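Let's walk through a structure together, one feature at a time. Have the coordinates open and follow along.

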Amino acid sequence: MMRISINSRFFAAVLCDLLWFFRNKAYRDGLLFHGLFISDIINKISSEHIAAWVRVPATIPIQKEAWISLPTSWFKINFDTAIRKSHSAQAAVCRNQKGHIIQMVSEINLPCSPNLGEAMAARLATSLASFLNLKKVIFEGDSQMVVSAMFQPHLNQDWRISPLINNIIDSIPNDLHWKVRKINRSANFCTHSVARWAAARMFSGRIPISLYPSIVRGKFSSFHSSFSLS
């Protein structure tokens with residue numbers, strides 16, 4: 001049985017994705033591109049993806065499941081999404097250096113792909129950091145694609161979330177010192193529970209911390225009120 005190298009797989013994936021992209025541009029928007037231009041773009045992006053595959057695992061640390069105290073004045077915001085047939089829910093949970101929850105928020109959006117849902121959750125997390133006027137934040141999520149894109153936007157492997165990732169980076173205040181980490185899905189259980197709760201309740205806004213224990217246990221309350229970050 002013939003083995004296909006990871007480089008060939010990346011090239012084939014990028015080739016199919018971009019040919020379909022340029023086909024849609026021609027069919028829907030009437031935009032035509034020269035074949036040499038398309039070839040150069042395919043080679044450039046596939047090379048970037050291959051390089052990202054080599055570099056990203058070494059540059060983005062995996063957070064252990066056990067809570068690790070943060071440095072003084074630092075906060076941590078976890079983000080996650082829950083996707084349903086009719087809608088999607090994004091959630092962000094902010095903790096202080098001792099692990100105490102200081103704010104939980106959620107929002108409801110249209111159904112979407114997992115990557116887009118995670119990217120919208122990351123946007124919610126950065127918006128929460130701005131709302132709380134935090135100066136030092138570690139953002140954590142369980143999507144390697146989104147975390148890698150935030151860490152190195154120019155090496156983003158999913159062009160469909162690129163505009164949103166760029167918007168996230170551009171909207172982060174200049175005086176905010178931030179890091180982004182990839183964590184295991186199990187280590188993001190609490191935030192995912194909040195996203196599931198928001199999806200079940202169709203809830204957008206700030207969530208009363210008093211509801212957190214029942215949310216994590218899966219005992220969804222009938223709370224329906226809505227708050228705004230603005």
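Q: What should I know about the model and the numbering before going on?

A: This is a predicted model, where local features need pLDDT of at least 70 and side-chain atom pairs count only at pLDDT 80 or more, while totals for chains, interfaces and linings use all residues. Residues are numbered from 1 along each chain as its sequence is written, and side-chain values use heavy atoms, with hydrogens and water left out.

Q: How many helices and strands are there, and in what order do they run?

A: Helices (H or I, at least four residues) and strands (E, at least two) are DSSP runs, numbered from the N terminus. The chain has seven helices and seven strands. Starting at the N terminus, the order is α-α-β-β-β-β-α-β-α-α-β-α-β-α.

Q: What share of the chain is buried, and what share of its contacts join residues at least 24 apart?

A: Buried means under 20% relative accessible area, exposed over 50%, and partly exposed in between, with a 1.4 Å probe and protein chains only. Of the 230 residues in the chain, 40% are buried. Taking contacts between residues at least 6 apart in sequence, 67% join residues at least 24 apart.

Q: How do I read a nonpolar core, and which residues touch the most other members in the largest one?

A: In soluble globular proteins, nonpolar side chains tend to be buried together. A nonpolar core is a set of buried Ala, Val, Leu, Ile, Met, Phe, Trp, Tyr and Cys residues joined through side-chain atoms within 4.5 Å. In this model the largest core has 28 residues, and Ile77, Phe79, Phe139, Val146 and Ile165 touch the most other members. Two or more residues each come from strand 2 (75–83), strand 3 (88–95), helix 3, strand 5 (136–141), helix 4 and helix 5 (162–171). Helix 3 gives the largest share of this core, eight residues. There is also a second, separate core of 16 residues, with Ala89, Ala195, Ala198 and Tyr212 among them.

Q: How do I describe two packed helices, say helix 3 and helix 4?

A: Two packed helices are described by the angle between their axes and the distance between the axes. Axes are lines fitted to C-alpha atoms, for helices over the stretch in contact, and angles run from 0 to 180 degrees between N-to-C directions. The axes of helix 3 (residues 114–131) and helix 4 (residues 144–151) come within 9 Å and cross at roughly 50°. That makes helix 3 oblique to helix 4; angles under 35 degrees count as roughly parallel, over 145 as roughly antiparallel, 65 to 115 as roughly perpendicular and the rest as oblique.

Q: Which residues make that contact, and what classes are they?

A: Helix 3 brings Asn115, Glu118, Ala119, Ala122 and Thr126, and helix 4 brings Met145, Val146 and Met150. By class, that is five nonpolar, two polar and one charged residues. Ala, Val, Leu, Ile, Met, Phe, Trp, Tyr, Cys and Pro count as nonpolar, Asp, Glu, Lys and Arg as charged, and the others, Gly among them, as polar.

Q: What about helix 4 and helix 5?

A: Their axes come within 10 Å and cross at roughly 50°, so helix 4 and helix 5 are oblique to each other. Here Val146, Ala149 and Met150 in helix 4 meet Ile165, Ile168 and Ile169 in helix 5. The class count for this contact is six nonpolar, no polar and no charged residues.

Q: Where is Asp80, and is it buried or exposed?

A: Asp80 lies in strand 2 and is buried, with a relative accessible area of 0%. Asp80 and Glu118 are 38 residues apart in sequence but 5.9 Å apart in space, C-alpha to C-alpha.

Q: Which residue other than glycine has a phi near 60°?

A: Asn133 has that positive value. Asn133 sits in the loop between helix 3 and strand 5 and counts as exposed, at 52% relative accessibility.

Definitions and conventions:
Contact = heavy atoms within 4.5 Å.
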